[in-house]
Amino acid sequence: KPERLPELMGNNEVASLVKSLNRMLARLEAAWETQGRFLADASHELRTPITAILGHINYLLRRTQVSEQQRESLEIIKREAERMQKLVGDLLELSKTGGGWKVELGAVHLQTVLNEIQEEYSKSFEGQIEIEAPEDLWVLGDAERLHQVLANLVSNAIKAHARRVRLVVRDLDERVVLRVEDDGDGIPKEHLPHLFERFYRVDKARDRERGGSGLGLAIVRSIVEAHGGSVWVESEPGRGSVFSVSLRRARAPQTQLA
Ligand code: ADP
């Protein structure tokens with residue numbers, strides 16, 4: 001027997017309430033999508049002129065006739081243009097994952113991604129990158145995006161003067177927690193709650209010099225959340241930082257028998 005709704009609201013009223021809620025949700029979704037598309041288009045459009053600017057600066061720098069003073073100016077313009085290039089690239093990334101609709105989830109072999117990162121960063125980094133992970137562990141994810149998450153976290157650790165970066169994976173049955181541990185500068189407590197916000201930087205002047213956009217961790221968070229996971233940080237100035245990412249575990253894909 002159908003359940004009766006409480007007296008204060010008739011069936012018709014409920015129906016129209018649901019209808020208007022749905023309409024509102026659809027509008028919100030559309031607005032969100034428009035904003036994402038705008039961000040994607042704008043950053044994409046900005047890439048071409050920046051590339052052209054950099055090309056011409058490099059051309060001028062290669063010429064010998066420039067005076068020392070002119071060279072200095074050109075170097076500054078170049079640095080700023082590179083900063084802009086990174087910022088625009090980051091914005092583009094953020095717009096891709098902003099709504100959480102661009103990740104393609106599949107079974108990803110974690111060790112493979114970790115090895116790639118280790119190899120990539122060992123070239124330019126004087127310190128150690130160590131891996132401590134179960135060999136045969138798969139997570140539900142988008143390999144390229146997970147690579148990007150790790151790249152952001154590891155390059156942050158390196159920028160924070162780490163000598164040792166450890167990539168530690170813990171298998172918790174349903175979930176997998178991936179930790180990026182460093183022994184770098186650490187982060188003062190008051191900054192921790194804001195770290196994942198867009199454009200947030202701990203030391204504006206210093207980070208600016210290093211070419212930081214303050215978007216790296218916002219990108220990390222939006223990618224991880226698009227994976228249905230979460231990311232958090234523990235840190236102590238002078239001792240180092242630990243960034244943890246939780247992901248869903250996946251079953252190893254069946255090997256195809258010929
Ligand atoms: P950016 O893209 O400028 O590097 P992020 O969003 O990646 O910005 O980082 C935000 C802020 O957090 C930066 O100011 C950076 O100095 C600080 N930070 C991030 N990771 C670490 C770390 N491992 N150790 C110390 N500081 C960090």
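Arg249 counts as partly exposed, at 34% relative accessibility; the classes used here are buried for under 20% relative accessible area, exposed for over 50%, and partly exposed in between, with a 1.4 Å probe and protein chains only. This is a predicted model, in which local features need pLDDT of at least 70 and side-chain atom pairs count only at pLDDT 80 or more, while totals for chains, interfaces and linings use all residues. Residues are numbered from 1 along each chain as its sequence is written, and side-chain values use heavy atoms, with hydrogens and water left out.

**Salt bridges**

The side chain of Arg249 forms a salt bridge with that of Asp171, at 2.9 Å from N to O. This pair links distant parts of the chain, with Arg249 in strand E7 (residues 240-250) and Asp171 in strand E4, 78 residues apart. Asp171 is also partly exposed, at 35% relative accessibility. A salt bridge is defined as a side-chain nitrogen of Lys or Arg within 4 Å of a carboxyl oxygen of Asp or Glu. Helices (H or I, at least four residues) and strands (E, at least two) are DSSP runs, numbered from the N terminus.

A salt bridge also joins the side chains of Arg163 and Asp183, with an N to O distance of 3.8 Å. Here too the pair links distant parts of the chain: Arg163 is in the loop between H4 and strand E4 (164-172), and Asp183 is in the loop between strand E5 (175-182) and helix H5 (204-209), 20 residues apart. Arg163 counts as exposed, at 57% relative accessibility, whereas Asp183 counts as partly exposed, at 24%.

Arg83 and Glu80 form a salt bridge at 3.4 Å, N to O. These two residues are three apart in helix H2, so about one helical turn separates them. An α-helix has 3.6 residues a turn, so residues three or four places apart point the same way. Glu80 is partly exposed, with a relative accessibility of 31%.

| Pair | N to O distance |
|---|---|
| Arg249 and Asp171 | 2.9 Å |
| Arg83 and Glu80 | 3.4 Å |
| Arg163 and Asp183 | 3.8 Å |

Over the whole structure, the search finds 10 salt bridges. A network of salt bridges links Glu130, Glu132, Arg164, Arg166, Arg170, Arg179 and Glu181.

**Surface patches**

Patches are made of residues with over 30% relative accessible area and no salt bridge; like charges are joined within 9 Å, and nonpolar side chains (Val, Leu, Ile, Met, Phe, Trp, Tyr) within 5 Å. Accessible areas come from the Shrake-Rupley method with a 1.4 Å probe, and for residues only the protein chains shown count as cover.

A patch of negative charge on the surface gathers Glu68, Glu72, Glu75 and Glu82. In the charge assignment, Lys and Arg count as positive and Asp and Glu as negative, while His and the chain ends are not counted; the charge is placed at NZ of Lys, CZ of Arg, CG of Asp or CD of Glu. Glu68 belongs to helix H2 (residues 68-97) and is exposed, with a relative accessible area of 57%.

The nonpolar patch on the surface made by Leu17, Leu21 and Met24 has about 290 Å² of accessible area together. Leu17 lies in helix H1 (residues 11-62) and is partly exposed, with a relative accessible area of 42%.

**Enclosed helices**

Helix H4 (residues 143-159) has 17 residues and reaches 24 Å from its first C-alpha to its last, close to the 24 Å expected at 1.5 Å a residue. The expected span is 1.5 Å times one less than the number of residues. Of the 17 residues of H4, 12 are buried, so this helix is largely enclosed by the rest of the structure.

The buried residues of H6 include Gly216, Leu217, Ile219, Ser222 and Val224.

**Positive phi values**

His161 follows H4 and has a positive phi, near 65°; His161 lies in the loop between H4 and E4 and counts as partly exposed, at 49% relative accessibility. Asp173, another residue other than glycine, has a positive phi near 65°. Asp173 is in the loop between E4 and E5 and is exposed, with a relative accessible area of 62%.
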